[in-house]
Amino acid sequence: MNLDFTPEENAFRDEVRAFIKDNYPARLRAAQDEGRALTKEEYLLWHKVLAKKGWLAPSWPVEHGGTGWTPTQKYIWSEETARADCLAVLPFGVSMLAPVLYTFGTEEQKKRFLPDIYNGEVWWCQGYSEPGAGSDLASLKCKAERMTADDGKEYYIVNGQKTWTTLGQHADWGFFLVRTDPDSKPQSGISFLLIDMKTPGISVRPIITLEGGHEVNDVFLDNVKVPVENRIFHENQGWTCAKALLAHERSGIAGVARSKRNLEKLRTIAGTERSDVGGSLIDEAFFKRKVAELEIDLTALEFTELRTLAGESSGKGPGPESSILKIKGTEIQQRLQELALEAVGHYGAPFLRDLQGNNLGIGPDYADGLAGEMFNGRKTSIYGGSNEIQRNIIAKAVLGL
Amino acid sequence: MDFSFTEEQSMLRDTVASYLADHYDFDKRRAAVSKEPGWRPEVWKAFAEELGILGAPFSEDLGGLGGGPIDNMIVMEEFGKALVVEPYLGTVVIGGGFLKHSGHAGAADLIGGIIEGKNLFAFAQAEPQSRYNLASVATTAKKDGAGWILNGHKAVVMGAPFATHLFVTARTSGAERDAGGISVFLVDKAAKGVTTRDYPTVDGNRASEVYFENVSVGADALIGTADNGLPLVEKVVDETIAAMCAEACGVLSKLHTGTVEYTKQRKQFGAPISSFQVLQHRMVDMFINVEQAISMTYMANIKVTDEAERAKAISAAKVQIGKACRFVGQNAIQLHGGMGMTDEMAIGHYFKRATMIESAFGSVDHHLARYERLSLGKAA
């Protein structure tokens, strides 16, 4: 056991660091610094830089565009991108759909969809949750009936509603779980469909979240005609694809590198803010202790993730233990948000988003939006399988209870 | 020992509750706070004229209802349940508190103006560097003939956009964090040299940054004694916290009951999610938090008039309520799942208010430290 990087790994770190420094889009950096909502084009600026370099999808198989990096290199990559506060590559196509495609798709489907995902030409969204199917995803009702159209081709006619579709307002295509057999057991009658969001009968309605943002949407499907060749894997066996996808969704969710970065930001804020008695807040006994406890928690998570990574590189896929990463990762993210809000005291209260330029000088810049981030961050222990569901998974699959 | 309310107090609660039920449902509140001016003057007028509640804690010879902290507690708890944004706390509790306790010559008239609904007050106390230390005052007031000249910047003054007058803490002598040398002034918001930058707050209230630039006030602007204003400020802030704890109780009980109701309706895995033991226990813990918050709020409002016990009791209550606000608020959202994250459901709005109460007039850490100083410090 050891933690040392080899000279090659250190050289790789330097290469990554230099690449980010020289190539991170200035316009995106400015938008992030201002804390404003990104445009569709801005979301993809960094994506396209990475695609051109060939570093977009380190975890994909090499034949589809993966980098072939070792787990250590991937770890260095995620550390460095978080350290430089790079925008995370949107997960919908790259981390969520692509693994399903290259695992379960036909050669033709891979050829048709993977390059556009890689190059950021198509924006994907997820159509999983429904108003009545959240934690209990397998109870989903969105219905797809097979029929032969006048053109002699086979289609699914899809009817139903999906919800919590993140950034669906920008989406060109979506991957959907639909019920193709209403009579079988919940998990066995589901199929996995790729749907062009421009198909007639699809409407996307914004959901405004409690902090005032528009990130998620309802998606309504009214007699939406989907060619049968857009189905991934076998009919009624889409749950197999969904399960694989959920495991990927969980393994990325620890967010260790990003939490480290946010811990640094918290230290900076608490170093600037005054305590009640006038010193730095970071030197105030209670606050200092909370930051120290959080840092220890984060270290425990980091080494748990490293153990998981090491297990993966020796051939084990991400198992149910990855639920640990989801639970602890989201708890730590939420704790960081709480402490940042605590740190800024009175200036956590102003809601300046709509004031447009007039907010300059109302409190320190770093305070703006912290309350909103904390409110919005409550979603992380709800989405991707709530933390209660993750505990059920560990109880059943790991402890055998 | 008696924890029951008088007949008058029960009537006060019923009056407030029934008015709010008719005029202050979630949709009406949401519509009002999302556009200018961010509150409803007609509601304030009704408080003054129809309900007469703006006189709740004032003596009858001042034109009030003859109540005290318990009456404020009752009003604020009901306000918490409806997320009322109109400035009862700033006007009646804070403004009324300063006027009652200072022995100011104009107090009777000014209180009369509160009761009539004409005088609206906001408390310009916090400053960019002050955090929760009431003695950290950089705003200055310099003697100028019989009157004073004020200069400085007050941060996040809640309710200032609605206010006619501001109670302002200013330093008349001493250094920035000295306990001595602080004085309190009542300043007309329209006075020359007072400028404000108004904004909404994350919980649907309104606040301002307030700047004083050579603001000239008369001798009668001084509230209480010069240089020795801090004890008065501490007393009024403690009363404010006692009232705000009651508001928190209203907010917390809505968070809890709303969650219990929702989990009974919401079905997953073929059953209402309220049937899952892990969620039942969570809701029991929320309930325990709410009950303990109510207990501490009663304790605080009983002891707030006891000079020897007041400060310790208030800090203890604020610690308990601050923790409850976080635990109950966060779990209410968690148990609502994705629905709890939406702006259209009331639950998130209660959570946001609970979060702001948690740190208002001192965070858990602040009051824990104060409690330690007052309680354990003595023994050492």
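**Figure 1. S323(A) in helix 11 of chain A.** In this predicted model, S323(A) sits in helix 11 of chain A, which covers residues 322–343. S323(A) has 24 other C-beta atoms within 10 Å and is therefore buried. N392(A) lies 69 residues away from S323(A) along the chain, yet the C-alpha atoms of the two residues are separated by 9.5 Å.

**Figure 2. L167(A), a residue with positive phi in a loop of chain A.** The loop that holds L167(A) runs between strand 3 (154–162) and strand 4 (173–179) of chain A. Phi of L167(A) is positive, about 55°, although the residue is not a glycine. Most residues other than glycine have a negative phi. L167(A) is partly exposed, with 19 other C-beta atoms within 10 Å; a buried residue needs 20 or more.

**Figure 3. N214(B), a residue with positive phi in a strand of chain B.** N214(B) belongs to strand 7 of chain B, residues 206–217. Its phi is near 50°, a positive value in a residue other than glycine. N214(B) has 11 C-beta neighbours inside 10 Å and so counts as exposed; the cut-off for exposed is 12 or fewer.

**Figure 4. The cis peptide bond between E36(B) and P37(B).** The bond from E36(B) to P37(B) is cis, and its omega is near 0°. Most peptide bonds are trans. P37(B) is placed in the loop that links helix 2 (26–33) to helix 3 (41–51) of chain B.

**Figure 5. Helix 8 of chain B and its packing.** Helix 8 of chain B consists of 27 residues, 277–303. From its first C-alpha to its last, helix 8 of chain B reaches 39 Å, close to the 39 Å expected at 1.5 Å a residue. Its buried residues include L279(B), M286(B), N289(B), V290(B), A293(B), I294(B) and T297(B). Also among the buried residues are N301(B) and K303(B). Residues three or four places apart in an α-helix point the same way, because there are 3.6 residues a turn. The buried residues of helix 8 of chain B pack against helix 4 (69–82), helix 7 and helix 9 (310–336) of chain B.

Figure 6. Beyond its neighbours within four places in sequence, A248(B) is in contact with G80(B), A293(B), I321(B), C325(B), A354(B) and I357(B).

**Figure 7. Contact between domain 1 and domain 2 of chain B.** Chain B is assigned domain 1 (7–118), domain 2 (122–227) and domain 3 (231–375). The centres of domain 1 and domain 2 of chain B, taken over C-alpha atoms, are 23 Å apart. In the contact, 15 residues of domain 1 of chain B meet 16 residues of domain 2 of chain B. On the side of domain 1 of chain B that touches domain 2 of chain B, helix 5 (residues 88–102) of chain B gives the most, with five residues. That side is made up of nine nonpolar residues, six polar residues and no charged ones.

**Figure 8. Contact between chain A and chain B.** Chain A brings 35 residues to the contact, and chain B brings 35 residues. On the side of chain A, strand 6 (202–208), helix 10 (285–313) and helix 12 (370–377) each supply at least two residues. Helix 12 of chain A has the largest share of this side, three residues. By type, the side of chain A that touches chain B holds 16 nonpolar, twelve polar and seven charged residues.

**Figure 9. The two chains.** Chain A contains 13 helices and eight strands, and chain B contains eleven helices and ten strands. The radius of gyration of chain B is 21 Å, close to the 21 Å that the globule rule gives for 380 residues, so chain B is as compact as a globular protein of that length. Buried residues make up 40% of chain A and 56% of chain B.

Conventions:
Residues are numbered from 1 along each chain as its sequence is written. Chains are lettered from A and ligands numbered from 1 in the order in which they are written. This is a predicted model: local features need pLDDT of at least 70, side-chain atom pairs count only at pLDDT 80 or more; totals for chains, interfaces and linings use all residues. Two residues are in contact if their C-beta atoms, placed from the backbone, lie within 7 Å. Domain bounds come from an automatic or database domain assignment. Helices (H or I, at least four residues) and strands (E, at least two) are DSSP runs, numbered from the N terminus. Ala, Val, Leu, Ile, Met, Phe, Trp, Tyr, Cys and Pro count as nonpolar, Asp, Glu, Lys and Arg as charged, and the others, Gly among them, as polar. The radius of gyration is taken over C-alpha atoms; the globule rule is 2.2 Å times the number of residues to the power 0.38. The expected span of a helix is 1.5 Å times one less than its number of residues.
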